[in-house]
Amino acid sequence: PVGFKTDFASVPRIGAVYAILGNKAHRAAVLHDYLYSVGGSDEDRAYADDVLRAGCIADGMNEVEAFDMWVGVRAGGASHWTPKP
């Protein structure tokens, strides 16, 4: 939606990690951020993370890089998830 704020992909600014995964798949990251902002159940979070992975591949990222992004959001995304009943 108009006015929605995103930080794109929050890839850690650690040398090799950022060199490989940083500044990529912005469209997928915006959609993922939006899905996180509307929240929902644990299944909704898993869906949002799967959407990120599929979007990364659709944006041209290879399967390994997309999997690495997915692992990152599965491991570190819980603190940003907005659960809703």
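Does S41 count as buried, partly exposed or exposed? At 28% relative accessibility, S41 counts as partly exposed; the classes are buried under 20% relative accessible area, exposed over 50%, and partly exposed in between, with a 1.4 Å probe and protein chains only.

Two remarks on the source. This is a predicted model, in which local features need pLDDT of at least 70 and side-chain atom pairs count only at pLDDT 80 or more, whereas totals for chains, interfaces and linings use all residues. Residues are numbered from 1 along each chain as its sequence is written, and side-chain values use heavy atoms, with hydrogens and water left out.

Let me stay with S41. The residue is found in the loop between α2 and α3; helices here are DSSP runs of H or I with at least four residues, numbered from the N terminus. Leaving aside residues up to four places away in sequence, S41 touches W81 and K84, where contact means heavy atoms within 4.5 Å.

I turn to α3. Its 17 residues should span 24 Å at 1.5 Å a residue, and the end C-alpha atoms are 24 Å apart, which agrees; the expected span is 1.5 Å times one less than the number of residues. Buried in this helix are R45, A48, D49, V51, L52, G55 and C56. They cover an arc of only 150 degrees around the axis, so they lie on the same side of α3; the arc is taken from the directions from the helix axis to the C-beta atoms. On the other side, E43, Y47 and A58 are exposed. The buried residues of α3 pack against α2 (26-38) and α4.

The largest nonpolar core has 8 residues: A25, A28, L52, C56, M61, A66, M69 and V73. Such a core is a set of buried Ala, Val, Leu, Ile, Met, Phe, Trp, Tyr and Cys residues joined through side-chain atoms within 4.5 Å. The helix α4 gives the most to this core, with 3 residues.

Note on methods
Helix = DSSP H or I, 4+ residues; strand = E, 2+ residues; numbered from the N terminus.
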